[in-house]
Amino acid sequence: MLSVDNMDISKIRFQDASGIIVLDLTHAGIIIATKLAEMGYSVTAVDVYRTVNENVLLEMEERYGIKTSKEPVPVNDNDLIISPAHLDPEYPVLVKARKKGIKTVTHHQAVGSILSMKGWPEKGTVIEITGSKAKTSSASLLAEMLSRKMKVVLHTSRGLELWEKGQCRILNLGLSIAPGSILLAIDKLEELNVSADCYIFEVSIGLTGFADIGIITTLEPDYPIAASTSNSSDAKMSVLSYAGKSEVFFLNVKDRKALKMASEFGRAFFTFGDSEYSGDDYKNADFVADIESKAVIFKYQDGTFSSGLSEKYNSKSYATAFAVSTAVALKMDIPEQDIIEVIGSFKGLQGRMQEKELAGRILIDNSNSGMDIKSAERSLDYALSRLEDEKSGIIMVLGEEAAQVCEGLPPEQVSEFVMRRSDELSRLILVGERMQDIGNDNYTYASGLEEGLEMATEMASEKDIILSCVKCFR
């Protein structure tokens with residue numbers, strides 16, 4: 001496991017280091033390195049995965065004075081190491097740092113400290129959200145709720161957006177949700193001269209500790225990182241050990257180890273739960289969302305209220321998002337009626353159990369970066385419930401468009417799923433190179449999502465349902 005310093009991010013003193021080594025330029029490490037160089041620090045940037053173009057490295061050297069390398073670099077006693085939470089702890093620079101007792105902090109901590117030193121923003125509330133599932137949907141619902149009373153900037157895997165009075169305007173597309181991308185998003189806001197009353201950032205595998213409010217949607221499903229020496233849940237909840245003292249957290253009542261850690265570090269936190277969790281303790285959460293038939297019922301200290309739900313998507317798949325967004329919105333004094341209107345008019349997010357039309361057929365779209373085999377199972381169950389008669393069937397597009405998206409979609413899990421449930425499908429189209437070993441003459445293969453959907457459209461009869469479950473960037 002990567003050993004990092006758990007000090008308050010506001011107390012990380014870059015100036016005490018004679019040199020700063022930034023590891024991993026693939027996952028937004030470039031922006032961390034360049035920001036520190038602009039602030040006057042001596043920076044060495046290491047392209048650990050050797051994926052960065054040589055021209056980019058040359059520009060870093062010539063424009064910012066950053067030393068770059070694709071090989072491990074020597075470590076001096078007064079260096080500070082900045083490393084992503086998911087990097088193999090046996091990477092030579094980290095091994096040398098441990099032996100010499102040299103401080104190592106994560107990309108998340110470094111970004112939090114940079115923001116603290118920059119004094120950004122001059123005013124406004126900063127919210128960060130992480131978790132294994134429901135990050136984008138929770139953040140998007142929350143942004144719309146808050147926008148009824150304030151101006152909100154939202155940065156998620158969908159892009160950088162400005163929300164006002166329930167309306168969204170896209171400011172920029174293409175940024176990742178790696179912690180360093182927060183700095184890029186802020187640069188874009190300053191370039192566009194955009195400010196807001198609230199800023200919401202979706203962040204992968206953890207939080208920076210800089211925000212006023214930190215949200216962890218759920219630690220499940222958990223998965224190994226850092227060459228299987230640690231779990232993603234450890235990285236996500238580690239913020240509880242180093243965040244600023246005033247940060248308030250919203251935690252899932254079922255994530256008991258996060259609740260325990262928050263208590264041990266004396267954190268201020270609220271709990272939320274939803275009826276998709278079968279444990280009895282969800283009833284004791286500060287905020288509870290129960291989905292019953294065509295409505296969601298919210299219960300909290302001040303009372304109970306409910307909202308109707310659209311039938312254009314699988315509302316049960318949004319149970320956590322409803323609970324998270326409502327809990328935070330209520331704490332930020334958004335009236336119940338505004339919350340009811342947002343949830344009542346909600347029809348799902350693109351690629352997240354959303355039902356729409358494709359070439360005259362029903363398309364259930366569940367293709368996104370967080371899609372996993374459990375989500376595919378739920379999608380199939382929902383599609384089966386939407387079949388009109390015995391003459392209609394389901395054509396499923398399943399797989400991955402990029403194996404590196406959040407650990408990819410393991411072919412062995414797809415194979416097991418197909419063995420169990422392929423009889424419930426009319427046709428199956430498998431997407432991605434790694435799926436080609438799942439052999440059966442009845443299966444069709446496609447290189448990407450769009451190709452898979454085109455094939456499905458050609459195969460589908462008028463009453464068939466096309467089910468899209470491809471792990472991809474969207």
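1. **Cores.** The largest nonpolar core of this predicted model holds 59 residues. F14, I20, I32, L36, I82 and F201 have the most contacts inside it. A nonpolar core here is a set of buried Ala, Val, Leu, Ile, Met, Phe, Trp, Tyr and Cys residues joined through side-chain atoms within 4.5 Å. Buried means under 20% relative accessible area, exposed over 50%, and partly exposed in between (1.4 Å probe, protein chains only). In soluble globular proteins, nonpolar side chains tend to be buried together.

2. **Basis.** The model is predicted: local features need pLDDT of at least 70, side-chain atom pairs count only at pLDDT 80 or more, and totals for chains, interfaces and linings use all residues. Residues are numbered from 1 along each chain as its sequence is written, and side-chain values use heavy atoms, with hydrogens and water left out.

3. **F14.** Which residues does F14 touch, not counting residues up to four places away in sequence? The set is I20, L36, Y41, L80, I82, A110, S113, I114 and M117. Contact means heavy atoms within 4.5 Å.

4. **Five-stranded sheet.** An open sheet runs in the order β3-β2-β1-β4-β5, with parallel pairing. Its edge strands are β3 (67–69) and β5 (104–106), and each pairs on one side only. Neighbouring strands are turned by 20° against each other on average, direction ignored. Strands (E, at least two residues) and helices (H or I, at least four) are DSSP runs, numbered from the N terminus. Two strands pair if DSSP finds at least two bridges between them. Axes are lines fitted to C-alpha atoms, for helices over the stretch in contact, and angles run from 0 to 180 degrees between N-to-C directions.

5. Strand β1 (residues 19–23) runs parallel to β4 (residues 79–83), joined by four bridges. I20 stands opposite L80 in β4. I20 is also one of the residues with the most contacts in the largest core. Helix α3 (residues 92–100) lies across β1, β4 and β5, at about 135° to β4.

6. Strands β7 (residues 152–156) and β8 run antiparallel, joined by five bridges. They form a hairpin with two residues between them. H155 has L160 in β8 as its bridge partner. β8 also pairs with β9 (residues 167–172), antiparallel, over five bridges. Strand β8 (residues 159–164) is mostly covered, with five of its six residues buried.

7. **Helix α5.** Helix α5 (residues 135–146) has twelve residues and reaches 16 Å from first C-alpha to last. That is close to the 16 Å expected at 1.5 Å a residue; the expected span is 1.5 Å times one less than the number of residues. Is α5 enclosed or exposed? Twelve of its twelve residues are buried, so α5 is largely enclosed by the rest of the structure. Among the buried residues are K135 and E144.

8. **Cysteines.** How many disulfides are there? The count comes to zero, where a disulfide is a pair of cysteine sulfur atoms within 2.5 Å. The C198 sulfur is 14 Å from the closest cysteine sulfur, in C168, which is too far for a bond. For C469 the closest cysteine sulfur is in C472, at 11 Å, also too far for a bond. C198 is buried at 0% relative accessibility. C469 is likewise buried, at 0%.
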